[in-house]
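Please keep the sequence and the structure in view while reading.

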Amino acid sequence: MDQPFTLVGTAHPKPERATELRELLLSFVEPTRQEPGCLEYHFHEDRDEPDVFVFYEAWRSKEDLDAHLALPHLQDFWERRMDYLERDLEIRYLTMHSPYGTRDRRA
């Protein structure tokens, strides 16, 4: 397997839209985990800063991530994201130095 394509993103919602954004982002979790090439998809809330959301994604390849981002519901979210956010998403693309082993069923 090639090295996974991973990222961490942070969302700072407008206070009045935080609950709505939390629910929307939570609704993406299970369908995304079922997509081809999705190795990990986790949604978090910062313990020290409630209503700051962090997501972690690991994909088999950049092409798998691109296919995910091209889905209609994600295209719609991307176009409307600033309706929810105080500032744009912070996304860091990562190089994984501890790749999944052969015993991992997801690999």
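The radius of gyration is taken here over C-alpha atoms, and the rule for a globule is 2.2 Å times the number of residues to the power 0.38. For the 107 residues of this chain the rule puts a compact globule near 13 Å, and the chain, with 14 Å, agrees with that expectation. The model is predicted, and its secondary structure comes to three helices and four strands.

**Overall dimensions and burial**

- The C-alpha trace spans about 45 × 30 × 20 Å along its principal axes.
- Buried residues account for 38% of the 107 residues, while the chain exposes about 7,000 Å², of which carbon and sulfur atoms supply 49%.
- Of the contacts between residues at least 6 apart in sequence, 66% join residues at least 24 apart.

**Sheet and helices**

- Read from the N terminus, the elements follow the order β-α-β-β-α-α-β.
- The four strands form an open sheet in the order E2-E3-E1-E4 with antiparallel pairing, and its edge strands, E2 (38-45) and E4 (90-95), each pair on one side only.
- Neighbouring strands of this sheet are turned by 15 degrees against each other on average, with direction ignored.
- Strand E2 runs antiparallel to strand E3 (residues 53-59) and is joined to E3 by seven bridges; tyrosine 41, for instance, has glutamate 57 in E3 as its bridge partner.
- Helix H1 (residues 18-33) packs on the sheet, where it touches E1 (5-11), E2 and E3, and its direction makes about 160 degrees with that of E2.
- Helix H2 (residues 62-69) also packs on the sheet, touching E1, E2, E3 and E4, and its direction makes about 130 degrees with that of E3.

**Salt bridges**

- The count of salt bridges comes to nine, and among them is the pair of arginine 22 and glutamate 45, whose closest N and O atoms are 3.0 Å apart.
- Because arginine 22 lies in helix H1 and glutamate 45 in strand E2, this pair ties together parts that are 23 residues apart in sequence.
- Arginine 22 is buried at a relative accessible area of 19%, whereas glutamate 45 is partly exposed at 33%.
- Aspartate 51 also forms a salt bridge with arginine 22, with the closest N and O atoms 2.5 Å apart; since aspartate 51 lies in the loop between E2 and E3, the pair ties helix H1 to a part 29 residues apart in sequence.
- Aspartate 64 pairs with arginine 60 at 2.9 Å between the closest N and O atoms; aspartate 64 counts as buried at 13% relative accessibility, and arginine 60 as partly exposed at 40%.
- Through shared partners, salt bridges join Arg22, Glu45 and Asp51 into one network.

How values were computed
Residues are numbered from 1 along each chain as its sequence is written. This is a predicted model: local features need pLDDT of at least 70, side-chain atom pairs count only at pLDDT 80 or more; totals for chains, interfaces and linings use all residues. Side-chain values use heavy atoms; hydrogens and water are left out. Two strands pair if DSSP finds at least two bridges between them. Helices (H or I, at least four residues) and strands (E, at least two) are DSSP runs, numbered from the N terminus. Axes are lines fitted to C-alpha atoms, for helices over the stretch in contact, and angles run from 0 to 180 degrees between N-to-C directions. Contact means heavy atoms within 4.5 Å. Buried means under 20% relative accessible area, exposed over 50%, partly exposed in between (1.4 Å probe, protein chains only). Accessible areas come from the Shrake-Rupley method with a 1.4 Å probe; for residues, only the protein chains shown count as cover. A salt bridge is a side-chain nitrogen of Lys or Arg within 4 Å of a carboxyl oxygen of Asp or Glu.
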